[in-house]
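Hi there,

Here is the structure I promised to pass on to you. Have a look at it first, and then read my notes below.

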Amino acid sequence: MNTSPASPLLAIEGLSIAFGPPAESSVVVSRLDLAIAPGETVALVGESGSGKSVTALAVTRLLDFAGGRITEGRIALACRDGVVRDLARESQATMRNLRGPEFSMVFQEPMSSLNPVLRVGEQIAEAVMLHQGMGHAAARAETRRLLERVRIPEAARQLDRFPFQLSGGMRQRVMIAMALSCRPRLLIADEPTTALDVTVQAQVLRLIEALQKESGMALLFITHDMGVVAEIADRVVVMRQGEKVEEGPVTDIFDSPRHDYTRMLLDAVPVLGSLAGTPLPLPFALPGESPAPQDTLRQGPPVLRLVGLSTRFDVRHNFRRIGRIHAVEHVDLAIRPGETLALVGESGCGKSTTGRSVIRLEQFEEGEIWLGDRDVSRLRRGAEKELRRRVQFVFQDPFSSLDPHLTIGFSIAEPIMTHRLAHGRAVAERVNTLLGQVNLPGEFAHRYPHELSGGQRQRVCIARALASEPDLIIADEAVAALDVSIRAQVVNLLMRLQAEHGIAYLFISHDMAVVERIAHRVAVMYLGQIVEIGPRQAVIGDPQHPYTRRLLAAVPVADPRRRGHDRGLDDSEVPSPLRRLDDPPTIAPLVEVGPGHFVARHHVGGLY
Amino acid sequence: MLGYFLRRLGGTIPVLLAVSLFAFGFVRLLPGDPARLIAGPDATLQDVQAVRERLGLDQPLWQQYVRYMASTVRLSLGTSARSGQPVLTEIGERFMPTFNLSVVAMVWSCIVGVGLGVLSGVKRGNWIDQGSMVVAVSGISFPSFWLGLLLIDLCSVRLGWLPTGGDHDWKSYVMPAFTLGLPAAAVMARFTRSAFVEVAQEDYVRTARSKGLPERVVIWRHAFRNALIPVLTLAGLQFGFLLGGAIVIETVFSWPGLGRLLVESVSYRDYPVIQAEILLFSTEFVLINLLIDLLYAVVNPEIRLR
């Protein structure tokens, strides 16, 4: 079925891209065909290594600066002046004139994509001055208008601020304003919402959609997230390992995917609400597996109990304390053996600080931490070894959480030796067993982290966490950095280990759909406080706190017939947990609204 | 910004106190009795005792330190044992030649070093990069006394263009400043190059290109300011070292500066001068670091506005 438009704005034909010197180059995109009509939204979908971002770099020819080469094919762009240009052959000098007025890009990382030493106003204005020949004052007025257009509050005041003074969502709005500054006919957005919180993602997606309608520009939207695809795309192109595997209108792709890979991608996407009928966690249905709900709860006292845990940071200015960040404020929770408690919330809500305070990577100010029947919160520093044996951590980024100079085997053996759990040859055997438990071959013990993929590394991190035979593993966004298919595998692995060993998890995540799969209970954090906690079915199926509802409403639904703009979203920002010294937050006990289901009824801060 | 400045200024006080304590203790730790040294070999016990009382050396150490600090703050640093002149005059005469030489060496090495570093960083792997890095490595590894002697042999003895030594006019600066600045320029070039290469891979440089900005603007406006931040630290340290007076180069070119004064004072055991030079060099370092911290704030808004 040929779904390509008759008179495309952009037509990529037989495009191949290679990296490295000609003799030993590796081909990352081969013979790609892709077309976009004026005003159309095409989603380019694939996992890491699929070549989707490289394709975008090729169209803009920023590829030349990244060490890549176009080896064959055409990139035909119908320009404003009526000339069709082959971007694969144009000089950089010509490309410079096209970047901005003809097409522009929004990148994934709003944190690092803006220049830290220049004011955001200047960064937008320089493009305006360059392409539209405006003077300083006119460009400044235009910049202000652009910031208003991307719905940045108090635009005039934001012009002179630096990127570090803005939140992630605001920075991405600035990026969008910059990309739109010369009214391009094609916007290429490379994972523009991946680094954002889910409520902010919903806001930014809606903004891009609205701006596209206003200006009639075409949109090439690159993403790995099928949920986002369903929200925004007209047509979908699926890529794998540099090749296009399927293409079609968005509803066809979701209703009747023809390629196995597309089907696998769709199956691996957790759909929020799909487990509404069962109270138990359920592993993903991966090819060749037919999972059953698993009941892993064991009898016994809680493995971890937090009582009124509070972690606060003073903010100083010129030697004076001017305020406090209430990162964690009176958190009470308990996790039973074999249970997964999910801690969800947006960045800055204190969920990671809670996890880090438990193993005292952060010093908490008040409260008690009970491990089994021992209060470990009064332990002297140095007496924390037992605590760190029984509670282990898996971090978000498997690339930076393994020492690149140590072999996998050594990294896994270290906790075994530190806690004297085995000696001599027994250590190597234990490492071998642990690698087996996370489905990695024993020979990996002799390899170095750079030889492994992201998913494999995260398995190594899990094996390392298991090495000290912990009762509880704190997984801090442990699957957030992984591709969807790998993410599903790692979630299934964590669940299998729980069924086999009865480990409890504190699963810190922003991803509600993954949480629904794995968690027995869910706790929602907002401004350092738990605002809702209860059985997973109750919290996700029948949320009682307005913030929980807002969080759930923002989750993209992998169904192109139910798009976000029909589902009421608000444009407000989460306020900062920084408060004046004389203005402590209100703390009140949660109110029980159902069996084991508690909700905050007091005013925590901001809107709620 | 003012708070940042005051904080940094406040931070220098304990450093300066520690340095003064060190310079004070240094003299007391040396073997021998300074009173006997000053009184001379033929002095009687009474004479030595008189000198000791005159210098206040019979008082407890803490009182001596307080007196020493009080006079140091008033810039009365004692008299040179060698020339009999006040130490301040002695150092004052030698300070300007060293300072001027350091500034000339610093200016050329910064311009050339940073310039070459940026050029090689932008055009990685081409002939400018390869060539300038060969020059840079040679500049670091070539011993300066040998380079100095070769230059004197060529430019003064054979060609007769430049004076062999001393501080007379601009001509006498050429060879010492070149020899002194060469290793500094080389280190700056290598350091700037690596800082620049790192910054060139940042996402915001890609963003700048995606706006269609010309390469010139991408490099100097977007990349350079960010690459400058680590380079500033290095430049400050280099300048501090240069101001300390290059003993070897001042000796080779008979430059009337602090480096040679230090060598002379050490061989004459002229403690007041040595003590004062230690204090001067340390203070210079502290002040330069303060200056660098302020420049950081100028370049990096995140420091300025926090």
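**A nonpolar patch on chain B**

Helix α7(B) gives the most to the nonpolar patch, with 4 residues. Please keep in mind that this is a predicted model.

Which residues make the patch? They are B:Phe142, B:Phe145, B:Trp146, B:Leu149, B:Leu150, B:Ile247, B:Val248 and B:Val263, and together they form a nonpolar surface area of about 680 Å². Two elements of chain B give two or more residues to the patch: α7 (144-158) and α11 (247-252).

You could pick out B:Phe145 to get your bearings, as this residue sits in helix α7 of chain B. Is B:Phe145 buried, partly exposed or exposed? Its relative accessibility is 43%, so B:Phe145 counts as partly exposed; that class lies between buried, under 20%, and exposed, over 50%.

**Chain A as a whole**

Chain A has 19 helices and 23 strands. Its radius of gyration is 26 Å, close to the 25 Å that the globule rule gives for 608 residues, so chain A is as compact as a globular protein of that length. Along the principal axes, the C-alpha atoms of chain A fill a box of roughly 75 × 60 × 50 Å.

Of the 608 residues in chain A, 56% are buried. The accessible surface of this chain is about 24,200 Å², and carbon and sulfur atoms account for 50% of that surface.

Finally, a word on contacts: among those in chain A with a separation of 6 or more, 70% are between residues 24 or more positions apart.

Enjoy exploring!

How values were computed. Residues are numbered from 1 along each chain as its sequence is written. Chains are lettered from A and ligands numbered from 1 in the order in which they are written. This is a predicted model: local features need pLDDT of at least 70, side-chain atom pairs count only at pLDDT 80 or more; totals for chains, interfaces and linings use all residues. Side-chain values use heavy atoms; hydrogens and water are left out. Patches are made of residues with over 30% relative accessible area and no salt bridge: like charges are joined within 9 Å, nonpolar side chains (Val, Leu, Ile, Met, Phe, Trp, Tyr) within 5 Å. Accessible areas come from the Shrake-Rupley method with a 1.4 Å probe; for residues, only the protein chains shown count as cover. A salt bridge is a side-chain nitrogen of Lys or Arg within 4 Å of a carboxyl oxygen of Asp or Glu. Buried means under 20% relative accessible area, exposed over 50%, partly exposed in between (1.4 Å probe, protein chains only). The radius of gyration is taken over C-alpha atoms; the globule rule is 2.2 Å times the number of residues to the power 0.38. Contact means heavy atoms within 4.5 Å.
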